[in-house]
Structure formats: C-alpha cells, structure tokens
Amino acid sequence: MMKEIRIKDMSFNPFQLIGKEWMLITAGNPQIGCNTMTASWGHLGCLWGHNDPTAVVYIRPSRYTKQFVDRTDYFALCVMDGAFKKQMAYLGSASGRYEDKIAAAGLTPVFAEGTTYFAEAKMVFTCQKLYASELQENGFIHQETIDENYPLRDFHTMYVGKIEKVLVQEDSQE
C-alpha cells in the first residue's frame, strides 16, 4: 500500500538512488498499456517557476518505452528495493515490444496518478512532462563523450518532468 509524502520530508542521496539503486522509467495508461525500462542515470532537482521539483530522464529513440512517454502527459520513476536488482537488469535489457517483460519480472502495474507505476516499488515519483528535446551532437563539448556513448549517433531524448507526487510504501521510513 502506497502513501503520499511531502517532497520536503524526503532524505536520500540522489547519486546512490539513481546511480547505484537504479530506477524504472514507466509510462502508460489502461487504454494504451504500459512499458518500463531501467535507468541508472538522470537528475533530480529544482527548475523553473518557484523552484518546482523536477526529474530529468533520458531515453534512446530505439527504446519501446519512449513511445509510451511520448504519448502520455505523465511518467513515473519507480525505485525498487535491492531485492529486485535481477528483475531491474532484465527490464533494462529485454524489450516490451516483443514480450510482456513486466509480467515476466513479476511486477504489478498500478494505473493511477495519470501514469503507471508498480505496486512493488519502495518509492514512486509521478511526473508531469514539461519539456522534451533530443540531445544534439553540436551541444557536446568533448568528442570522447560522443565516441564512448553514441557511436551510432542515437542520441537520447531528454524529458523534464515536474514531480507531482512522491509515494512510498506504508511501512517505508523515507
């Protein structure tokens, strides 16, 4: 069971959360279905307006999840318990285009808050899309960044989302 908490009451290390624990970028609704992918990089912070809390995620054009993020106004970031690391690795390598990878990973989709998240998540950020733009080759300062990360020039699309709600498991201490 999930409960909403105030973003100002959260305490965690975003570098640990995103870089080490990873997260699932998830989007969809009952009409179009949903998909998810694992992400190990992104940003949490404040941007625009009255320092609105925002999340920034990056999705390659080849990822099936991108179609769901593009078609909806919201996406969710699901932080899973460490016990789900194997499933998260699978969700980052298998394509929902060819199989029901969510069911194969044993996750339960919840359609709420304008998007989809997972009942098993320990924390969920629901985000309203504010901005989307493809990274541009001419924006990179160091050529080695392109050479190491984009040998096929398949640059990610960057999505900025306003964090609308933070949900945690009822028994969570976040």
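With a disulfide taken as a pair of cysteine sulfur atoms within 2.5 Å, the count comes to 0 disulfides. Cysteine 34 takes part in no disulfide, and the nearest cysteine sulfur, that of cysteine 78, lies 9.8 Å away. Cysteine 34 counts as buried at 18% relative accessibility, and cysteine 78 is buried with a relative accessible area of 0%, where buried means under 20% relative accessible area, exposed over 50%, and partly exposed in between (1.4 Å probe, protein chains only). The structure is a predicted model, in which local features need pLDDT of at least 70 and side-chain atom pairs count only at pLDDT 80 or more, whereas totals for chains, interfaces and linings use all residues. Residues are numbered from 1 along each chain as its sequence is written, and side-chain values use heavy atoms, with hydrogens and water left out.

Strand E2 covers residues 23–29; helices (H or I, at least four residues) and strands (E, at least two) are DSSP runs, numbered from the N terminus. Because 7 of the 7 residues of E2 are buried, the strand is largely enclosed by the rest of the structure. Met23, Ile25, Ala27 and Asn29 point one way from E2, while Leu24, Thr26 and Gly28 point the other way, and all are buried. Two strands are said to pair if DSSP finds at least two bridges between them. E2 runs antiparallel to strand E3 (residues 33–39), to which 7 bridges join it, and the two strands form a hairpin with 3 residues between them. Within this pairing, asparagine 29 has glycine 33 in E3 as its bridge partner. E2 also pairs in the antiparallel sense with strand E6 (residues 74–79), over 3 bridges, and here threonine 26 stands opposite alanine 76.

Helix H1 comprises residues 14–21, and at its start a side-chain oxygen of asparagine 13 reaches to within 2.7 Å of the backbone nitrogen of phenylalanine 15. The helix is followed by tryptophan 22, whose phi is positive, near 70°.

A salt bridge is defined as a side-chain nitrogen of Lys or Arg within 4 Å of a carboxyl oxygen of Asp or Glu, and by this rule the count comes to 7 salt bridges. One of them joins lysine 122 to glutamate 21, with the closest N and O atoms 2.9 Å apart. This pair links distant parts of the chain, since lysine 122 is in the loop between strand E8 (115–118) and strand E9 (123–134) and glutamate 21 is in helix H1, 101 residues apart. Lysine 122 is partly exposed at 28% relative accessibility, as is glutamate 21 at 21%. Another salt bridge connects aspartate 154 with arginine 60, the closest N and O atoms again being 2.9 Å apart. Aspartate 154 is in the loop between helix H5 (143–149) and strand E10 (157–169), and arginine 60 is in the loop between E5 and helix H2 (64–71), 94 residues apart.

The side chains of lysine 165 and glutamate 113 likewise meet in a salt bridge (3.0 Å, N to O). Lysine 165 lies in strand E10 and glutamate 113 in the loop between strand E7 (109–112) and E8, so the pair ties together parts that are 52 residues apart in sequence. Glu4, Glu113 and Lys165 are linked in a network of salt bridges.

How values were computed. A polar contact is a pair of N or O atoms within 3.5 Å; within protein, one must be able to donate a hydrogen and the other to accept it, and residues adjacent in sequence count only if both atoms are side-chain atoms.
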